[in-house]
Amino acid sequence: MKEEEKKEERNKVKQRELLYKLMISQLFYDGHQNFAQELAVIVDQEATAVSPSDRLMNITTIGLQHEHEVERPLNRLEYTLGPGLDLEYETEPQTSAPEPAMYETAYVTSHKDKCRAAAFSMDGSLVATGSVDASIKILDVDRMLAKSDPDAVELHPDAVVGHPVIRTLYDHLDEITCLEFHPREQILISGSRDTNIKMFDFSKTSAKKAFKTLTDAEQVTSMSIHPSGDFLAVTTEGPVVRFYDINTCQCYVCPYPREHHAGPLTSVRYSADARVCASASKDGDIKIWDGVSGRCVQTFTKCHDGAEVCSVLYSRNGKYILSSGLDSIVKLWELSTGRCLIAYTGAGSVGHNGPVRHMVHSPCSPAFITCSDDYRARFWYRRNVH
């Protein structure tokens with residue numbers, strides 16, 4: 001019995017520490033740094049801000065509901081967690097990706113110059129690739145699989161009717177640097193070194209030109225579309241992250257110069273819930289931006305020992321960031337503590353005859369695309385083993 005009491009007491013202490021951590025972080029986020037520092041000293045915690053979260057508000061809301069509705073039925077979350085509130089509860093989605101060595105090249109498409117960009121549609125049925133030759137290709141995934149596997153004719157009889165490349169778009173004047181599919185509409189968004197962001201309606205077979213263009217003052221280097229499809233985060237050769245309203249074409253930036261990067265930007269990516277987004281720069285830093293206010297809420301300095309940070313990507317649960325740098329190292333960062341948890345080195349080759357410049361995995365199937373300076377984009381797939 002005494003052991004159970006000790007365990008219960010340890011759990012209470014752990015919950016109190018987490019509550020104080022959330023309170024300190026909220027005070028930092030609201031601009032009350034002095035109060036946050038004082039509270040941290042009182043409760044003997046480190047006074048560091050973590051990424052913004054609604055967890056403290058949700059805990060308060062549940063507590064108030066419990067006070068006023070003692071007899072109410074449990075909601076789904078409370079039913080799952082039981083009578084207590086587990087502050088560390090987290091649902092981890094199961095990954096569909098097998099070991100890298102199990103993938104094989106299912107299709108190869110070629111451009112007339114180096115291939116530098118690629119993207120999957122939200123349902124994983126389409127792939128877009130972009131090149132230094134300013135062209136964009138949209139390919140059908142089922143058709144690519146059918147071309148490389150004769151047995152797939154029975155599984156996908158309609159997929160072998162046409163060529164995998166269903167659209168070829170020409171409306172840029174320079175290298176395609178980034179591509180994004182709209183999450184709801186049949187729209188492909190492209191960014192280029194010609195300083196333009198273009199939107200293509202690929203539902204129309206005859207449409208070769210964009211129906212909407214956003215023109216920036218700098219070369220576009222990266223984009224990330226909001227899950228709602230209404231906003232677009234954009235990075236350029238300048239130091240300021242842009243947030244575009246896709247419907248009105250208005251551009252928003254953080255109004256505080258001290259919060260911006262000190263060098264050209266290389267990458268930007270929204271988290272899955274779009275509460276925050278991360279940006280990377282040639283200045284060697286990674287910054288976390290609030291998805292509503294657009295302000296910088298966290299900075300990771302000299303992430304790759306001062307080398308240029310080439311790309312950033314959120315984990316599905318939003319708790320970690322994966323970054324790559326010109327030091328040839330990939331690092332996994334924990335947002336809540338700012339620590340580098342894992343450094344990946346010694347990457348192997350993936351079948352190209354030139355440097356691989358871009359890589360993106362399917363959101364829903366064991367497939368990925370690699371883009372290389374050998375002018376080719378390779379579609380990799382892990383077929384079912386019977």
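**Close-up views of a predicted model**

**View 1. A network of salt bridges.** In this predicted model, salt bridges link up Arg 116, Glu 175, Arg 193, Glu 237, Lys 282, Arg 357 and Asp 373 into a network. By the rule used here, the count of salt bridges comes to 16.

**View 2. Asp 373 and Arg 116.** Here Asp 373 forms a salt bridge with Arg 116, and the closest N and O atoms are 3.0 Å apart. The pair links distant parts of the chain: Asp 373 sits in the loop between strand 23 and strand 24, while Arg 116 belongs to strand 2 (residues 115–120), 257 residues apart. Is Asp 373 buried or exposed? Its relative accessible area is 12%, so Asp 373 is buried.

**View 3. Arg 193 and Glu 175.** The side chains of these two residues meet in a salt bridge, at 3.2 Å from N to O. Once again distant parts of the chain are linked: Arg 193 is in the loop between strand 7 (187–192) and strand 8, and Glu 175 is in the loop between strand 5 (165–170) and strand 6, 18 residues apart. As for cover, Glu 175 is buried, with a relative accessible area of 9%, whereas Arg 193 counts as partly exposed at 27% relative accessibility.

View 4. Strand 14 (residues 265–270) and strand 15 (residues 276–281) pair in the antiparallel sense, over five bridges. Strand 14 is mostly covered, with five of its six residues buried. Look across from Tyr 270 and you'll find Cys 277 of strand 15 standing opposite. Five residues lie between the strands of this hairpin, and Ala 274 takes a positive phi near 60 degrees. Have a look at Asp 273 and Arg 275 too: they form a salt bridge, with the closest N and O atoms 3.6 Å apart. Asp 273 is partly exposed, with a relative accessible area of 48%, and Arg 275 is partly exposed as well, at 37%.

View 5. A pair of aromatic rings is described by the distance of the centres and the angle of the planes. The count of aromatic pairs comes to five by the rule used here. One of them is edge-to-face: Phe 181 and Phe 202 are 5.7 Å apart, centre to centre, with 85 degrees between the planes. Phe 181 lies in strand 6 (residues 176–181) and Phe 202 in the loop between strand 8 (196–201) and strand 9 (212–215), so the pair ties together parts that are 21 residues apart in sequence. Phe 181 counts as buried at 4% relative accessibility, and Phe 202 is buried with a relative accessible area of 7%.

**View 6. A stacked pair, Phe 368 and Trp 380.** These two rings form a stacked aromatic pair, 5.7 Å centre to centre and 10 degrees between the planes. Since Phe 368 lies in strand 23 (residues 367–372) and Trp 380 in strand 24, the pair ties together parts that are 12 residues apart in sequence. Phe 368 counts as buried at 8% relative accessibility, and Trp 380 is buried too, with a relative accessible area of 11%.

**View 7. Around Phe 379.** Phe 379 has its place in strand 24 (residues 376–381). At 1% relative accessibility, this residue counts as buried. What does Phe 379 touch, leaving out residues up to four places away in sequence? Its contacts include Glu 104, Tyr 107, Phe 120, Val 141, Leu 145 and Phe 368. Take Val 141: Phe 379 and Val 141 are 238 residues apart in sequence, but 8.8 Å apart in space, C-alpha to C-alpha.

**View 8. The two sides of helix 2.** Helix 2 (residues 33–43) has Ala 36, Leu 39, Ala 40 and Val 43 as its buried residues. Seen down the axis of helix 2, they fall within an arc of 105 degrees, so they line one face of the helix. Over on the other side, Asn 34, Val 41 and Ile 42 are exposed. After helix 2 comes Asp 44, with a positive phi near 60 degrees.

**View 9. A charge over a ring.** Arg 295 lies over the face of Tyr 256, at 4.1 Å from the ring centre.

Methods: Residues numbered from 1 in each chain as written. Predicted model: local features only at pLDDT ≥ 70, side-chain atom pairs only at ≥ 80, totals over all residues. Heavy atoms only, no water. Helix = DSSP H or I, 4+ residues; strand = E, 2+ residues; numbered from the N terminus. Buried < 20%, exposed > 50% of the residue type's maximum accessible area, 1.4 Å probe, protein only. Contact = heavy atoms within 4.5 Å. Arc of directions from axis to C-beta. Phe/Tyr/Trp six-rings, centres within 6.5 Å; stacked < 30°, edge-to-face > 60°. Lys NZ or Arg CZ within 6 Å of the ring centre and 35° of its normal. Pairing = 2+ DSSP bridges. Salt bridge = Lys/Arg side-chain N within 4 Å of Asp/Glu carboxyl O.
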